[in-house]
Amino acid sequence: MNQYQKNIFKGTIYSLLSGLIWGICGILGEFFFTHYPVSSGWITSMRLSLAGGFVLILSSFKFRSQLFDVWRKRKNYLPFLAYAILGIFSVQYFFYLCVEYSNATTATILQFISPVFILIYNRIIYKKKASKKAIFYVLTAMLGVFLMATKGDLSKLSITPIALLTGLLSALGVMFNVILPQKFAKEYGFIPTVGWGMIVAGTFSNFLYPVYQISFQLDGVSILICLTIAFLGTAFAFFLSMKAVSLVSPLVVSVVSASEPLSSAILSVLFLGLVLDGYLLLAMILIIIPMIFLSIEESKDKLKESSFNT
């Protein structure tokens with residue numbers, strides 16, 4: 001296995017792990033919504049504020065002299081603000097808002113339209129034409145997510161205009177979240193980029209949904225859920241996702257993020273009594289196989305680029 005193949009393998013594993021963690025925290029979030037009168041806006045403000053502060057504290061130990069470098073150039077202000085709001089804030093807030101206006105099934109399917117947006121973005125911005133194989137793998141994984149969420153029953157979908165809008169905005173958020181920070185991560189490091197991004201996104205979210213306005217009773221369980229969602233499901237998962245983007249393309253990261261509903265389904269089978277029927281098994285196959293082959297396809301493309309450049 002050469003260096004390019006090792007990077008593709010590592011990037012795919014990082015993407016898979018971030019999706020698995022988001023899946024775990026998705027179940028925690030559903031439990032939180034069910035048992036506590038909490039809003040999606042408050043959760044967004046809480047998790048971004050706590051995670052952003054934690055990551056910046058870590059950054060201060062390793063990147064003490066470079067911690068504020070991203071703010072020393074005025075030309076960074078607008079692009080970084082776009083990353084924080086269009087990426088970090090949107091990918092979380094609009095997903096939960098879509099759940100609120102429809103259901104988790106609809107929100108999951110709509111958010112996974114993000115690979116299509118990335119294909120379009122690459123075509124328009126970079127004039128990069130996707131291969132027929134890549135398009136096939138993306139569509140196959142999307143079909144797997146659809147089957148996993150609905151089990152073929154279209155009645156489980158709840159599409160209203162506002163649900164469709166928030167779901168598509170969530171998918172756009174995924175695209176911006178994996179594309180926009182690449183330049184900053186390469187120049188200033190992953191940890192400061194993620195930390196400052198969360199702080200800016202959290203500050204914006206707090207203007208809309210102040211974290212100090214708590215609408216539920218704080219107890220041991222709710223505090224534990226908040227800390228897990230903030231530190232594991234936000235800080236650590238976002239770091240893994242950023243690390244993945246440094247090794248593989250945003251398209252691969254977005255497709256492998258299908259491991260989020262996949263991990264939720266596996267955990268539901270193991271711990272919540274969900275029955276592993278034919279639809280669920282087929283959906284898992286349709287999600288896992290494209291992840292593997294899309295990563296292999298990217299590895300081949302990298303090898304071609306390397307041999308061409310040399």
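Modeller: Helices here are DSSP runs of H or I at least four residues long, and strands are E runs of at least two, numbered from the N terminus. Bear in mind that the model is predicted, with local features needing pLDDT of at least 70 and side-chain atom pairs counting only at pLDDT 80 or more, while totals for chains, interfaces and linings use all residues. Residues are numbered from 1 along each chain as its sequence is written, and side-chain values use heavy atoms, leaving out hydrogens and water.

The largest cavity comes to about 60 Å³, taking volume as the space filled by probe spheres set on points joined across faces, edges and corners. Around the largest cavity sit Pro181, Gln182, Ala185, Lys186, Phe190, Met242, Val245 and Ser246. H8 (182-188) and H10 (220-245) each put at least two residues into that lining, and H8 has the largest share, with three. Sorted by class, the lining has five nonpolar, two polar and one charged residues (Ala, Val, Leu, Ile, Met, Phe, Trp, Tyr, Cys and Pro are nonpolar, Asp, Glu, Lys and Arg charged, the others, Gly among them, polar).

H10 also meets H3. The axes of H3 and H10 come within 13 Å and cross at roughly 120 degrees (lines fitted to C-alpha atoms over the stretch in contact, angles running from 0 to 180 degrees between N-to-C directions). That makes H3 oblique to H10 (under 35 degrees is roughly parallel, over 145 roughly antiparallel, 65 to 115 roughly perpendicular, the rest oblique). Tyr83, Ile88, Val91 and Gln92 of H3 touch Thr234, Phe238 and Met242 of H10 (contact means heavy atoms within 4.5 Å). That gives five nonpolar, two polar and no charged residues. Met242 turns up again here, having lined the largest cavity.

H3 (residues 77-101) has another partner, H7 (residues 161-179): their axes come within 7 Å and cross at roughly 150 degrees. H3 is therefore roughly antiparallel to H7. On the H3 side, the contact includes Tyr83, Ile88 and Val91, and on the H7 side Ile162, Gly167 and Phe176. By class, this H3 and H7 contact has 14 nonpolar, seven polar and no charged residues.

Elsewhere, H2 (residues 40-62) and H9 (residues 190-208) have axes within 7 Å, crossing at roughly 145 degrees. Among the residues in contact are Gly41, Leu48 and Gly52 of H2, with Ile191, Gly195 and Trp196 of H9.

Key. 1 Å grid on protein atoms, 1.4 Å probe; cavity = no way out; pocket = protein on both sides within 12 Å on 5 of 7 lines; lining within 4 Å.
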